[in-house]
Amino acid sequence: MIYTCTLNPSVDYIVEVDHFQIGELNRALSATTFPGGKGINVSRVLRRLGVPNTALGFIGGFTGAFIEHELQSENIQFDFVKVPEDTRINIKLKSGKETEINGKGPTISFDSQKEMLKKIQCLRPDDFLVLAGSIPSSLSVRFYEQIMDVAKKAQVKVIVDTSGPALKRLMNDQPFLMKPNHRELGELFDTVFHSKREAAIYGRRLVEWGVKHVIVSLAGEGAFFFDKETALFAEAPKGAVRNSVGAGDSMVAGFLAAYTSGKSVEESFAYSVASGSATAFSQDLCTKENVERLLGQVKIMRI
Ligand SMILES: Nc1ncnc2c1ncn2[C@@H]1O[C@H](COP(=O)(O)OP(=O)(O)O)[C@@H](O)[C@H]1O
Ligand SMILES: O=P(O)(O)OC[C@H]1O[C@](O)(COP(=O)(O)O)[C@@H](O)[C@@H]1O
């Protein structure tokens, strides 16, 4: 079974404004709400790709109830730890460019933290666990490490998609897959990349440090894949971007969906890139049909 764990889920409020002006009354052209947070996006895409999975995380209040309702309507299993404060709302403002304001998230008590660790303890050796997204500010930046320790004892394969100090602390724990974007990878090494070549050099370094599979995503420029035996570059398919929120999460889901169905790492990487781009070209997350339509346009090169 694949489990996703979203410590800080969100209701993503996507609002479109014509020529947004700071300090003025702006009226929305459109507004949509989606259940969000990186692990929840991975769960939703996995489901769309036909892969059953269970979403774990902390959830609370009316926003938490919205997320549960949406997941139920998409037939996604969940086993959340309930917290008293509201799950955050993340604003995604579209006005020519995309501007994001991500909320802080609710307070998570010590008892709730223990409850989550107990759930992880119950996972089985052939399970996958996706740790994705930020850590709510009330939790220690070491909480992912605590989860990782429990998951390792249970012999679960862990996938990491987070950023900042949490990512830095996890890279020595030999996760099964890491998917930083080029900015997150640069932060990990306290640098900024000026070329794709530089991103590739540092991506490879993660494999040298024990990460089993690494995908470095480069938005519209595609992605790199590395493991001990393989180094690949994929150009992203071309198309009109409608909403790139969740593109990275879709890559994680796409890779796992293909890999767990027995595909090679090269095929799984191609499926991952097609999933990321299919989401970027959609208003909501990708559908299986759109992913498979784009798959033929993903050009993989050995590097
Ligand atoms: N403008 C775009 N055109 C085509 N594909 C895109 C575009 N933006 C993102 N993607 C696809 O989504 C993947 C992840 O995007 P990226 O922005 O790097 O991740 P994240 O959402 O984690 O920041 C890319 O590797 C690519 O496949
Ligand atoms: O946990 P964080 O880092 O605040 O990110 C949460 C946000 O990331 C998303 O999961 C989108 O992530 P990506 O665009 O990187 O795939 C949104 O749904 C959510 O609002």
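Author: A residue counts as near a molecule if its C-beta atom, placed from the backbone, lies within 6 Å of it. Please keep in mind that this is a predicted model, where local features need pLDDT of at least 70 and side-chain atom pairs count only at pLDDT 80 or more, while totals for chains, interfaces and linings use all residues. Residues are numbered from 1 along each chain as its sequence is written, and chains are lettered from A and ligands numbered from 1 in the order in which they are written.

Helices (H or I, at least four residues) and strands (E, at least two) are DSSP runs, numbered from the N terminus.

H9 also packs with H10 (residues 288–295), at an angle of about 120 degrees and with their axes 8 Å apart. The axes are lines fitted to C-alpha atoms, for helices over the stretch in contact, and angles run from 0 to 180 degrees between N-to-C directions. H9 and H10 are therefore oblique to each other; angles under 35 degrees count as roughly parallel, over 145 as roughly antiparallel, 65 to 115 as roughly perpendicular and the rest as oblique.

Now to ligand 2. Of the 16 residues around ligand 2, Gly 36, Asn 90, Gly 133, Ser 134 and Gly 248 come nearest. Strand S2 (10–17), helix H1 (38–48) and helix H8 (247–260) are the elements that give two or more residues to this shell, and H8 gives the most, with three. The shell around ligand 2 divides into two nonpolar, eleven polar and three charged residues. Domain 1 (1–7 + 37–88 + 103–175) and domain 2 (178–303) both contribute to it, so ligand 2 lies between them; the domain bounds come from an automatic or database domain assignment.

Finally, H1 and H8 pack at an angle of about 45 degrees, with their axes 8 Å apart. That makes H1 oblique to H8.

Technical notes. Ala, Val, Leu, Ile, Met, Phe, Trp, Tyr, Cys and Pro count as nonpolar, Asp, Glu, Lys and Arg as charged, and the others, Gly among them, as polar.
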